[in-house]
Amino acid sequence: MPYLTSTTPSTASTDVRTGFGVPGYAHPLVASAEWAGLARPGTPLHWVVLDVADGPGDRPDPHCLEAAGRLRNAGIRVLGHIDTGYGTRGFGDVISEAHRYLDWYLVDGFLLDRCPAERDALPEIRRTITTLRAISDGEPHVVLGHGTHPHPGYAENADQLVTFSGPWSDYRWSQVAEWTASYPPEKFCHFVHGVPGGHLDEALRIARWQGAATIWFTDRTDRSGRQDPWEAVPGYWDEIVSRIGTGVSE
């Protein structure tokens, strides 16, 4: 299979702990059980994205504040969701949303979703990341949501890159970019929807062979773009938590 052609043969034997990056559940009023379940002790979470209303919204939301606070009190990193529109959104709008996330929800970092991947957009994204670090207390965790392999220069600026986001039908035949071999698995994230329960082991192996330590696999689908596949917990949540917690057999 194509994913066996990875140029990173040592990746599968590393001791890096695979964990979840949650792209963003539905609003806590709609998905209260999902949000509450994330704080369960022992769940291998790297971070959770908070998307209030396609961003931070126009005013503080007490339900989102409570959900984010519960996670942060449990030691779980919460990231604010900011849509960059593949580079079409203005710098001022992006930073304004970041300020609101910081002021209202005390987020630990940001997912810059729909991030451009081309080389010519890199200077503006670099400027954005530099500003996000300057306005935050401490060191914010910045994830770039490309959804594909971007120009290698992006890896020098962000903490993590989402190098795959899409359906299982594409993921199972995907190939890793050669330049990723220069970075550890902690650098990369994969979001995959429509993964059948019977293919979980295969999906986990692909992520390990391709060198992605942060994952989100779900059996939910986008239903031709009419539904967000990330908004609910996977049907096999307990099973995948157990598998990651005990490691994946090679």
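Trainee: Is strand 6 (residues 160-167) largely enclosed by the rest of the structure or exposed, and how many of its eight residues are buried?

Mentor: In this predicted model, a residue is buried when its relative accessible area is under 20%. Strand 6 is largely enclosed by the rest of the structure, because the number of its eight residues that are buried is six.

Trainee: Which strands does strand 6 pair with, and how do they run?

Mentor: Two bridges join strand 5 (residues 141-145) to strand 6, and valine 143 has glutamine 160 of strand 6 as its bridge partner. Six bridges join strand 6 to strand 7 (residues 188-193), where serine 165 has phenylalanine 191 as its bridge partner. The partners are therefore strand 5 and strand 7, and by DSSP bridges each pairing is parallel.

Trainee: How are the rings of phenylalanine 20 and tryptophan 237 placed: stacked, edge-to-face or tilted?

Mentor: The model holds 15 aromatic pairs. In the pair of phenylalanine 20 and tryptophan 237, the ring centres are 5.0 Å apart and the planes stand at 35 degrees. Planes under 30 degrees apart would count as stacked and planes over 60 as edge-to-face, so this pair is tilted.

Trainee: How many residues apart in sequence are the parts that this pair of phenylalanine 20 and tryptophan 237 ties together?

Mentor: Phenylalanine 20 belongs to strand 1 (residues 19-22), whereas tryptophan 237 belongs to helix 7 (residues 237-246). Phenylalanine 20 is buried at 1% relative accessibility, and tryptophan 237 is buried at 9%. The pair therefore ties together parts whose separation in sequence is 217 residues.

Trainee: How are the rings of tryptophan 179 and phenylalanine 188 placed: stacked, edge-to-face or tilted?

Mentor: Tryptophan 179 is buried, with a relative accessible area of 18%, and phenylalanine 188 is buried at 2%. Their ring centres lie 5.9 Å apart, with the planes at 65 degrees. Planes over 60 degrees apart meet the cut-off, so the pair is edge-to-face.

Trainee: Which residues form one aromatic cluster with Phe20 and Trp237?

Mentor: Phe20 and Trp237 are themselves a ring pair. The cluster that holds Phe20 and Trp237 also contains Tyr25, Trp35 and Trp216.

Trainee: Over which ring does the charged end of arginine 127 sit?

Mentor: Arginine 127 is partly exposed, with a relative accessible area of 42%. Its side chain meets that of glutamate 124 in a salt bridge of 3.4 Å, N to O, and both residues lie in helix 4 (residues 122-135), three residues apart. The charged end of arginine 127 also sits 3.7 Å from the centre of a ring, that of phenylalanine 91.

Trainee: Which residue joins Glu239 and Arg243 in one network of salt bridges?

Mentor: Glutamate 239 and arginine 243 both lie in helix 7, four residues apart, about one turn of the helix. The closest N and O atoms of their salt bridge are 2.5 Å apart. Salt bridges that share partners bring a further residue into one network with Glu239 and Arg243, namely Asp201.

Notes:
Residues numbered from 1 in each chain as written. Predicted model: local features only at pLDDT ≥ 70, side-chain atom pairs only at ≥ 80, totals over all residues. Heavy atoms only, no water. Phe/Tyr/Trp six-rings, centres within 6.5 Å; stacked < 30°, edge-to-face > 60°. Buried < 20%, exposed > 50% of the residue type's maximum accessible area, 1.4 Å probe, protein only. Lys NZ or Arg CZ within 6 Å of the ring centre and 35° of its normal. Salt bridge = Lys/Arg side-chain N within 4 Å of Asp/Glu carboxyl O.
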